[in-house]
Every structure is written in structure tokens, then in C-alpha cells.
Amino acid sequence: MKYIAAIDQGTSSTRFIVFDHQGQIAAVDQKEHKQYYPQSGQVEHDPMEIWIRTQEVILNALQKSGIHPSEISALGITNQRETTVMWDRNTGQPLHPAIVWQDTRTDEICQELAKKGGQDRLRDKTGLPLATYFSGPKIKWLIENVPSVADAVKNGTALAGTIDTWLIWNLTGGKNGGLHITDGSNASRTLLMNLQTRQWDDSLLELMGIPASILPEIRPSSQIFGEAHGILEGVPIASVLGDQQAALFGQTCFAPGEAKNTYGTGCFMLMNTGQKPVPSNNGLLTTFGYQLENQPPVYCLEGSIAISGALVQWLRDNLGIIQKSSDIEALARTVDDNGGAFIVPAFSGLFAPYWRSDARGVIVGLTRFVNRGHIARAALEATAYQTREVLDAMRSDSGIDLQSLKVDGGMVVNDLLMQFQADILNVPVTRPKVAETTSLGAAYAAGLAVGYWKSLDELRAKWAPEKTWSPVMSKAVREKLYSGWKKAVTRSFDWIQE
């Protein structure tokens, strides 16, 4: 068989990509889905719309390319993490809109849980702080606040899961025997999985009031789970990885100390730390990386930044400063620097390394001199500064001095941002030839499971750089800008009063 396929279900869109044996793209289709903001701090998706979009992009890619499902060796799945769905196993219908990872409605639940033992009380078991980001408190909120969910849980018809679980259940038959499974890369983002045992933890389930019966079975990230029905009839589903772990895999960061940064809606840096979880003392997440069948699991340190590309979308959609996202670079190039302005995009609080749900977005340093160009530049620079904060924390936790950074995601086509990133980090930044590393990672993991590719070394040999940006900024300028950023961040704190 000629191909491996991947579904990449992201925060703003769904893609279906078919790869050939060289890891090159043979077919692709993509569709956006709607973002719902019912109240300040709340973000929702329609799970049925996501399932419909998934089927549409599969059909479109196959029709455009003339590839037949019988030519596809396996399907891999990668997904926006932490976004939480609950549905009825008998009807197949969602019981509530999906609660998206950026949503902050669980703030009170997290604060209540933190009263005993503090924000880090679950870190030893889960590697995570108590934060609105994670899925467990979202399930707890649904059970406590949505009567139809509470009834379905009581009646034994409720199923819960992240987006990967929802898609696999539907792909494998839905209410007619669909598989209810996930993998460690997604399960480790719930505050419900024990990192050591890689299973749901009874004491954590009890704490959150969540019955184990509604949760999916945790499987390795790469193995044949079952066969798809429908459009991809008979194609083995053979991998599932949360999007950031998939990008790590696609960037072939298979050795401890190797790291990648993905610039999407949010921004996520992951470093492979090998076969033992490394606890963080600097506000990073200790997370599950991936597990190949019959192999020990690989763990990571992760720095999660909530808003990066979403800030550009905000300038486009909410302020109308640009018409399309790609206009940001040309506008930012109309000025030589940020004019003293900084934007801290704490739209839903700050993630790593602060974990401050009381923070909100600020624009500081404004004078009459500052114009649209400076605002555009400050928006791009915000992503680079946040990445520097994460990298500093990673160095401190791991004791590893990163020599270079592999980058991917939608924003890496922005040369101005990538050059500034290299400058502010003072390390070279490299973009690979195949920028679709998230989909590629899911494809690689599925291909390994069915023997389409034979080894990690074979995959490593396929990785090739397309462009590298080297730092050119003086140390004095770098440190002055960075200290301005650190000052700006403090201005975003304590905005939400108890």
C-alpha cells in the first residue's frame, strides 16, 4: 500500500493529510469550524460540526487526489488537547457543546480544590498544576451544572473524552460498537491520570467526583486499535497523539534533550526528557510524550502558552487592524521596533510559567508615537518573549542548554517573527522542509504500528531543515527588550478580583 493518512483536528480547523513513504504530502484538505463565546471566559465548539468537518475533509482530499481508501495503510489521529466532550452512548449525540482548552469557567472549581494543598497539590501524581486548562475539572463542571449530563451519568449512558476519543468512537461505528479509547498523551492532560501507572487514578477520580465508567480506556499512542467504518472503510486506525506530542514526534525529537516549539492558536514547547518524568520547579508541565507498542513510555517537559496566533486573529477579527492574518508581517515591517509598546495577551489568564488565572490582557508603553505598525510588531514579539520565558524555565528544570530550536506551526512562515525569536533566545531557530509536523507525527506513529516504516532511525533520516535563522541582536538590546516584557507581564496580574 502506498500511503499513510492523518486527521489533524485543531482548535480552529480540521485537516486530513495523506503522506507518501518519503513523508511528503500527497493529498490535503482543510476546513474551519466555528468558535462560540457564550460568555466572557467561555469558549465552546460544536462536537457534531467537528465530526461533520472531519468527514468532509477526508472525502474532499480523496476526491481531489484520486487516492482510494484501499491504498491507505493506516490512519493516525492528532487533536487539540484538553477540549472536552460528553455524549450519549445510545444516541451518539453530544450532551453539551465541547468545552475548549482555553475556557476558564472551571476557575472556581480549581480554586476550591487548591484550598487544600495549594495549586500544586496534584503535581506529584499528574505533573500538572490545578488550572482551568485541563479536562478533569471541565468534566466535573458538566456533571455538576448540566442536568442532562448528570442524568446520563446516573443512567450509565454518558461517555466522556477529549476530541481524539470522540473522533475514534465515531470513526469506528459510534453507537454501533464504537471504540471508547484514548492514549497517554491526551489522558495525561486531564488531572485524572497517574503519570507513573499511566492509568486513571482512583483518588483523583474521587476528588473530582468523576466515575471511571464514563472515561475511555488508555492505550499506547501507536498500535492498531481497530478499523474505520464509512469513507475510510477497513483502514486500520493505528495512532493517537495530542497535537503537541504529535509535533514532537513529527520533528523526530526522539532523544532526551531534543525540543520543538509549535506556533499555532497557542504556543507549545516540548522537550523530550526520556523514560522518567522530570518534575518542574519552574512552572512547566511534566507530561506524557508518547508510547510505542511494547516500548516504555517517553516523557516531556512542556511550556504551554495560551495565546500566540490567536492574538493575530484578535487584531484581525476584533480590532480590524488587518484584513487577513498574513497581513501582520507587512504591517509590522513598516516600523523598526515596537516603539516601546508591549502586548501581554492574557485573554484567559497566563499559562506557563506563571499559571495566573487572575491575569488579563494588557497593552502597555503607549505614547502618541505608537501606531498600527508598532501594535502589529508588539503582537508578534509577544509570542517570542513568552517562548523565551519557557525556554529559560526548561534550562533550569532539565539542566540542558538547548543548542537550537526546531519550530513548526502556522506562524513559522513569518520571517520577521522567526528572526526575532532567534534574537531574543540567542539560539538558532530551524524550520523543517515539511512544516505539517503535527499531522506527520500522527502519520509516523501509525506507520510504525503497521510496519510501513520500520524504525525511529528511518524516520529521523527523513527530517530535513528548510531554513535556519541565526541570532544577530546585541546582548544589550536583547536584555533591555526582555526586561521591558517582564515588567509588562506584572501589569497583567491581579486583574480579576475574587
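Which side chain meets that of Lys140 in a salt bridge? The partner is Glu144, with N and O 2.8 Å apart, a salt bridge being a side-chain nitrogen of Lys or Arg within 4 Å of a carboxyl oxygen of Asp or Glu. The structure holds 33 salt bridges, and the points below describe some of them. This is a predicted model, in which local features need pLDDT of at least 70 and side-chain atom pairs count only at pLDDT 80 or more, while totals for chains, interfaces and linings use all residues. Residues are numbered from 1 along each chain as its sequence is written, and side-chain values use heavy atoms, with hydrogens and water left out.

**Within a helix**
- Lys140 and Glu144 both belong to helix 4 (residues 135-145), where four residues, about one turn of the helix, separate them; helices (H or I, at least four residues) and strands (E, at least two) are DSSP runs, numbered from the N terminus.
- Lys140 counts as buried because its relative accessibility is 14%, whereas Glu144, at 49%, counts as partly exposed; buried means under 20% relative accessible area, exposed over 50% and partly exposed in between (1.4 Å probe, protein chains only).

**Across the sequence**
- Arg189 forms a salt bridge with Glu302, their closest N and O atoms being 2.9 Å apart.
- Arg189 lies in the loop between helix 7 (184-187) and strand 10 (193-194), and Glu302 in strand 18 (residues 298-305), so the pair ties together parts that are 113 residues apart in sequence.
- Both Arg189 and Glu302 are buried, and salt bridges with shared partners join Arg81, Glu82, Arg189, Asp243 and Glu302 into one network.

**A buried pair**
- The side chains of Arg105 and Asp103 meet in a salt bridge of 2.9 Å, N to O, and both of these residues are buried.
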